Amino acid sequence: MPAARVSLSPEEFIRQRLTLAPLPFRPDILLHRATPQSRLTEWLAEQDRADTAPYWAYAWAGGAALALYLADHPETVAGRTVLDIGAGSGLVGIAAAKARAVVRSFEPDLIGKTACRLNAEANAVTLTLVDDPLTPADIVLAGDVFYDAAVAASTLPLLQQHRARGAEVFVGDPYRRDLPLAALNLLAEYYVPDMGSSTPQRAGVFALHPRAIGPLAPHSGVPYIH
């Protein structure tokens, strides 16, 4: 009888199956990213995660816009503590670290944590993984955290709590339907790829303004933000 096939661990899969290469829009940043040859869907099924989106395997448009904004405005985060919420691949945190910030990354997905660590290692920067999305910081960066109504309903109060405590909050998003534009001030726009697509799309970088929209509901639970 043939031996049972042993699935690759998350670290093995990322190192062996994802392609480590510079990003076209930020060639100074390397990321492990999925390609059609990665057999990502097959591996996720082996991990019993077929229904869990692999946010950590791609660069998303909102994160890409934030990464470009930090390249254009490194003074925004230089010398300050930054919390990257929904870190995914770690792209935004890596961009902040390259701008000389002290970066803490919140990523609830266990495989995402591995991707953050390996991508930080590939870029020779330090991302400190934290388990609390309310970890204090001078600056909060949130890329692609309003991708559906349920997540948006949980995430906006979380970001408002950071803002109420005095943190500056910056959001990157390609104008998804559930982006709370009434709570945001547009700072810049970029045309960037999304999730491996070669077709650029418009994405904004926004600042959360200091006044709350309606009652400031306390954040409860951990949103599944990538």
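This is a predicted model: local features need pLDDT of at least 70, side-chain atom pairs count only at pLDDT 80 or more; totals for chains, interfaces and linings use all residues.
A residue counts as buried when its relative accessible area is under 20%, and Ser 89, with a relative accessible area of 5%, is therefore buried.

**Ser 89 and its surroundings**

- Ser 89 is placed in the loop that runs between strand S3 (81-85) and H4, and, leaving aside residues up to four places away in sequence, Ser 89 touches Leu 31, Tyr 55, Trp 56, Tyr 58, Ala 115, Cys 116 and Asn 119.

**Helix H5 and Thr 114**

- Helix H5 covers residues 110-122, and its end C-alpha atoms are 19 Å apart, which agrees with the 18 Å that its 13 residues should span at 1.5 Å a residue.
- Thr 114, which has its place in helix H5, counts as buried because its relative accessibility is 13%, a value to be set against the cut-off of under 20%.
- Not counting residues up to four places away in sequence, Thr 114 touches Pro 10, Glu 11 and Ile 14, whereas the C-alpha atoms of Thr 114 and Leu 23, which are 91 residues apart along the chain, are separated by 19 Å.

**The nonpolar cores**

- In soluble globular proteins, nonpolar side chains tend to be buried together.
- The largest nonpolar core here has 36 residues, of which Phe 25, Val 77, Val 82, Leu 91, Ala 96, Leu 141 and Tyr 190 touch the most other members.
- Two or more residues of this core are given by each of helix H3 (61-72), helix H4 (91-98), strand S6 (139-143), strand S8 (184-192) and strand S9 (201-208), and the largest share, 8 residues, comes from H3.
- Ala 96 is in contact with Leu 70, Val 77, Val 82, Ala 101, Val 103 and Leu 141, when residues up to four places away in sequence are not counted.

**Helix H3**

- H3 has 12 residues and reaches 17 Å from its first C-alpha to its last, which is close to the 16 Å expected at 1.5 Å a residue.
- Because 10 of its 12 residues are buried, H3 is largely enclosed by the rest of the structure; the buried residues include Ala 61, Leu 66, Tyr 69 and Leu 70, and their cover includes H4, S6, strand S7 (168-173), S8 and S9.

**The largest pocket**

- The largest pocket has a volume of about 220 Å³ and is lined by 17 residues, of which Pro 24, Arg 33, Met 195, Gly 196 and Ser 197 lie nearest its centre.
- The residues of this lining divide into 10 nonpolar, 5 polar and 2 charged.

**An exposed loop residue**

- Ala 182 lies in the loop between S7 and S8, and its relative accessible area of 59% makes it exposed, since the cut-off for that class is over 50%.
- The C-alpha atoms of Ala 182 and Leu 208 are separated by 9.4 Å, with the two residues 26 apart along the chain.

How values were computed
Residues are numbered from 1 along each chain as its sequence is written. Side-chain values use heavy atoms; hydrogens and water are left out. On a 1 Å grid over the protein atoms alone, a cavity is a set of points where a 1.4 Å probe fits but cannot get out, and a pocket is an open set with protein on both sides within 12 Å along at least five of seven lines; lining residues have an atom within 4 Å of a point. Grid points are joined across faces, edges and corners, and a volume is the space filled by probe spheres set on the points. Ala, Val, Leu, Ile, Met, Phe, Trp, Tyr, Cys and Pro count as nonpolar, Asp, Glu, Lys and Arg as charged, and the others, Gly among them, as polar. A nonpolar core is a set of buried Ala, Val, Leu, Ile, Met, Phe, Trp, Tyr and Cys residues joined through side-chain atoms within 4.5 Å. Buried means under 20% relative accessible area, exposed over 50%, partly exposed in between (1.4 Å probe, protein chains only). Helices (H or I, at least four residues) and strands (E, at least two) are DSSP runs, numbered from the N terminus. Contact means heavy atoms within 4.5 Å. The expected span of a helix is 1.5 Å times one less than its number of residues.
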